[in-house]
Amino acid sequence: MADDLAYLLERKPRASLGFFPTPFTRLDRLSDMLKVDLWIKRDDFTGMNLFGGNKIRKLEYLLGDALASGCDTVFTYGATQSNHAMQTVAACRRLGLNPILYLNTYVKPDPNDVRSNMLLDRVFGAEMHILESRPGESEADTEERCFDLGKAHAARLESQGHGCCDIPLGGASPIGSAGFIGGALELTRQCTDGGVDPSFIFCATGTGGTLAGLTAGYRALGSKARIIGVAVSDKNSEYETKCSNLANASLAWLGSDVKLDASDFTVERGYFQPGYEKPNFAATEAIRLLARTEGLIADPVYTGKAFAGMLGWIRSGGAPMGSTLVFWHTGGATALFAESAIVGDLSSEI
Ligand SMILES: Cc1ncc(COP(=O)(O)O)c(C=O)c1O
């Protein structure tokens, strides 16, 4: 089955951006402390520069496809501190594509103190269009306005002879998720080589592209490992169906006839509060624990909340004592240097 999946993935255009396979190591001190066998998949090391993360796997297929389709310009979307937007811009620069961002403000940036991913977007010289919510407009409506303006902008450029590629929020498309079908194959091979047989794999889930791809990959490989997505923002009851539709579309794009349904997905919704880009105590505690026992860094928006969710499963017995777990580190460390409304309490001396 692994060979079949590898064959399907190899047939697709792929831009070489990251460093793969990413490291896979055991967290010895945390394993002893928590009485489990805990491993970490280091997708914070995907590259392509210092600030790697999960989007690089998606972008290899998304931009590989964009180049194969003759595009010269790439549009994408997200919050002003979006990791996806920043990584898309970096990848476009590497490939000689022109990146254009339409960003909405969950946390309002200070124009005199531009930080974190927005600062990097500027360093990379991306064309940025920043939309603030109008009075009475929800964040989702502002996001829609970004998509509409991006599409209109792309249409104008296309009428002038440019080839434009539109990458959705988080790179969550059938093509993007294929990167994580490849990720599932990569980790499965590392586990087989190392004699590791995980029962649980935890990752942060936002747009769902990572979770969809990983779950699709594991099911296509016939693995029984349970993939648990820890939500980093509010998700309605349709989220599992949305993820299974994305997983199926990604498998179909590759040419696989494996099919998933909503029951293949586990989403932990207890750790995102009070909301996206809004810190909480459990994530702050989890970031400190990982840093102080293993010398590793998680971030307040994604991996800190996901790590907190995994700790919750271990402490409540959802992942029983002695079980083997993998924490899939999806990157995002730049959030530690974002606005204080995003960083939260991490700087206090505790
Ligand atoms: C660091 C990090 N982790 C996890 C995620 C969630 O991934 P997905 O959007 O594929 O659900 C993101 C998405 O932006 C991210 O930047």
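Author: This is a predicted model, in which local features need pLDDT of at least 70 and side-chain atom pairs count only at pLDDT 80 or more, while totals for chains, interfaces and linings use all residues. Residues are numbered from 1 along each chain as its sequence is written, and side-chain values use heavy atoms, with hydrogens and water left out.

Reader: Does T22 count as buried or exposed?
Author: Buried means under 20% relative accessible area, exposed over 50%, and partly exposed in between, with a 1.4 Å probe and protein chains only. T22 has 1% relative accessibility, so T22 counts as buried.

Reader: Where is T22 placed, and how many Å separate T22 from L211 in space?
Author: Helices (H or I, at least four residues) and strands (E, at least two) are DSSP runs, numbered from the N terminus. T22 belongs to the loop between α1 and β1. T22 and L211 lie 189 residues apart in sequence, and their C-alpha to C-alpha separation in space is 18 Å.

Reader: What is the distance in space between T188 and P21?
Author: T188 is part of helix α7 (residues 174-194). Its relative accessibility is 22%, so T188 counts as partly exposed. T188 and P21 are 167 residues apart in sequence, and in space, C-alpha to C-alpha, they are apart by 11 Å.

Reader: In which loop is P274 found?
Author: The peptide bond from Q273 to P274 is cis, with omega near 0°. P274 is found in the loop between β9 (266-268) and α10 (281-294).

Reader: What is the phi of E277?
Author: E277 also has its place in the loop between β9 and α10. A relative accessible area of 3% makes E277 buried. Most residues other than glycine have a negative phi. E277 is a residue other than glycine with a positive phi, near 65°.

Reader: What is the phi of K35?
Author: K35 is in the loop between α2 (28-34) and β2 (37-42). K35 is not a glycine, yet its phi is positive, at about 60°.

Reader: Which side chain makes a polar contact with the side chain of N54?
Author: N54 lies in the loop between β2 and α3 and is buried, with a relative accessible area of 10%. A polar contact is a pair of N or O atoms within 3.5 Å; within protein, one must be able to donate a hydrogen and the other to accept it, and residues adjacent in sequence count only if both atoms are side-chain atoms. At 2.9 Å, the partner of the N54 side chain is the side chain of T210.

Reader: Which residues come nearest to the ligand?
Author: A residue is near a molecule if one of its heavy atoms lies within 4 Å of it. There are 15 residues around the ligand, and those that come nearest are K55, K58, T207, T210 and T330.

Reader: Which elements each supply at least two residues of the shell around the ligand?
Author: By class, the shell has two nonpolar, 11 polar and two charged residues, where Ala, Val, Leu, Ile, Met, Phe, Trp, Tyr, Cys and Pro count as nonpolar, Asp, Glu, Lys and Arg as charged, and the others, Gly among them, as polar. The elements that each supply at least two are α3 (55-68), β7 (200-205) and α8 (209-220).

Reader: How far is an oxygen atom of the ligand from an N or O atom in the side chain of T207?
Author: An oxygen atom of the ligand is 2.9 Å from a polar backbone atom of G208, and for G209 the corresponding backbone distance is 3.4 Å. For the side chain of T207, the distance from a ligand oxygen to an N or O atom is 2.6 Å.
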